Amino acid sequence: MPTADSFTALGRGNGFPLCLEKVDVSGYDRWTTLGGVSKESPSPTDAKISTSLVNAMKLYWNLYSVKGTCSVSGSNNVETISASVDEVVANFNTVDGLKPNERVCVSGVPGTEDFETDEDLGSLGNLHIAKAQLSIGIEFAFMRFYDGETTDEDNFIGYGFESFNGDPFVPGAGESAAFMNFTASARYGDTDDRIGNDAGAYDCIGSVVEEEDTDWTYSYVTISGIPFVRATFNYFQGSPPEPTREATIDSIDFYTY
């Protein structure tokens with residue numbers, strides 16, 4: 001893990017250099033704070049609220065990278081193509097990245113669309129695609145979560161990520177997108193229809209899913225000590241041979257001091 005220079009940030013009196021929006025998560029299908037208060041375990045404690053702020057601070061100030069197991073390989077009975085990627089470094093939409101002390105000056109949402117991609121187009125170009133990608137989503141935004149009306153501070157339960165793109169969705173094999181705040185995807189497309197194969201594996205983590213999709217599998221997971229909502233999807237359609245694919249977010253790395 002990289003080492004950062006120590007610094008002091010006064011912020012807005014909340015630990016962040018910006019004011020956070022409030023959201024009532026009580027109507028969402030699945031949610032968790034970064035401290036582990038969730039729809040299935042909704043009783044907050046001072047300790048869990050404090051932990052959610054500590055984890056939000058780690059993710060905002062000290063996030064360095066996301067690591068995963070992300071690979072795909074497939075054949076159209078003429079050629080085999082494959083791709084793999086194992087880490088994406090957060091750069092907060094700057095060329096050289098924002099180190100922790102440089103994030104003091106961020107105003108508004110610290111937007112990111114950071115992704116690391118490996119792609120194999122084969123001899124048919126865009127008609128035969130294997131693509132592996134790790135992503136950190138746009139609008140890397142933190143919010144104050146409430147289990148009920150946001151005007152009543154007694155409903156405050158801790159901090160979490162803003163819902164990203166509403167709900168997870170599946171783009172085409174060649175499309176680049178993050179579906180939740182962190183996403184691993186491995187996709188294969190035989191779009192020349194030589195054997196008509198289309199396959200993909202997705203692993204997405206964040207804090208909320210507004211409306212669950214029956215095609216996806218949802219769970220609560222702790223990664224690198226931080227609670228998240230996980231959404232996964234794995235599909236295949238077409239004829240043998242079936243492409244191999246794996247997409248899993250394994251860990252989150254942070255700057256140390």
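# Exercises on a predicted model

The largest nonpolar core holds 42 residues, and Phe 16, Leu 59, Phe 142, Phe 182 and Phe 228 have the most contacts inside it. A nonpolar core is a set of buried Ala, Val, Leu, Ile, Met, Phe, Trp, Tyr and Cys residues joined through side-chain atoms within 4.5 Å. The model is predicted: local features need pLDDT of at least 70, side-chain atom pairs count only at pLDDT 80 or more, and totals for chains, interfaces and linings use all residues. Residues are numbered from 1 along each chain as its sequence is written, and side-chain values use heavy atoms, with hydrogens and water left out.

## Exercise 1: The chain as a whole

Task: Find how many helices and strands the chain has, and what percentage of its residues count as buried.

Solution. 
Step 1. The chain has one helix and 14 strands.
Step 2. Of its 257 residues, 49% are buried. Buried means under 20% relative accessible area, exposed over 50%, and partly exposed in between (1.4 Å probe, protein chains only).
Step 3. Among contacts with a separation of 6 or more, 68% come from residues 24 or more positions apart.

## Exercise 2: Aromatic rings

Task: Classify the ring pair Tyr 146 and Phe 156, then the pair Phe 233 and Tyr 235.

Solution. 
Step 1. Rings of Phe, Tyr and Trp (its six-membered ring) pair if their centres lie within 6.5 Å; planes under 30 degrees apart count as stacked, over 60 as edge-to-face and the rest as tilted. The structure holds 13 aromatic pairs.
Step 2. Tyr 146 and Phe 156 lie 5.5 Å apart centre to centre with 55° between the planes, and the pair is tilted.
Step 3. Tyr 146 belongs to strand β7 (residues 142-146) and Phe 156 to strand β8 (residues 156-161), so their pair ties together parts that are 10 residues apart in sequence. Tyr 146 is buried at 0% relative accessibility, and Phe 156 is buried at 12%.
Step 4. The ring centres of Phe 233 and Tyr 235 are 5.5 Å apart and the planes are at 20°, so this pair is stacked. Phe 233 is buried with a relative accessible area of 16%, and Tyr 235 counts as buried at 16%.
Step 5. One aromatic cluster is formed by Tyr 60, Trp 61, Phe 142, Phe 161, Phe 182 and Phe 228.

## Exercise 3: Charges over rings

Solution. 

## Exercise 4: Strand β9 and the strands beside it

Task: Explain why β9 is described as largely enclosed, and trace the strand pairing from β6 to β12.

Solution. 
Step 1. Nine of the nine residues of β9 are buried, so the rest of the structure largely encloses this strand.
Step 2. In a regular strand the side chains alternate between the two faces of the sheet.
Step 3. On one side of β9, Phe 182, Ala 184, Ala 186, Tyr 188 and Asp 190 are buried, and on the other Thr 183, Ser 185, Arg 187 and Gly 189 are buried.
Step 4. Two strands pair if DSSP finds at least two bridges between them. Strand β6 (residues 128-136) pairs with β9 in the antiparallel sense over nine bridges, and His 128 has Asp 190 as its bridge partner in β9.
Step 5. β9 pairs with strand β10 (residues 198-206), also antiparallel, over eight bridges; Ala 184 has Asp 203 as its partner in β10.
Step 6. β10 and strand β13 (residues 226-237) are antiparallel and share nine bridges, with Asn 234 in β13 as the bridge partner of Ala 201.
Step 7. Strand β12 (residues 217-223) runs antiparallel to β13, joined by seven bridges. These two strands form a hairpin with two residues between them, and Ser 224 in the turn has a positive phi of about 55°.

Technical notes:
Helix = DSSP H or I, 4+ residues; strand = E, 2+ residues; numbered from the N terminus. Contact = heavy atoms within 4.5 Å.
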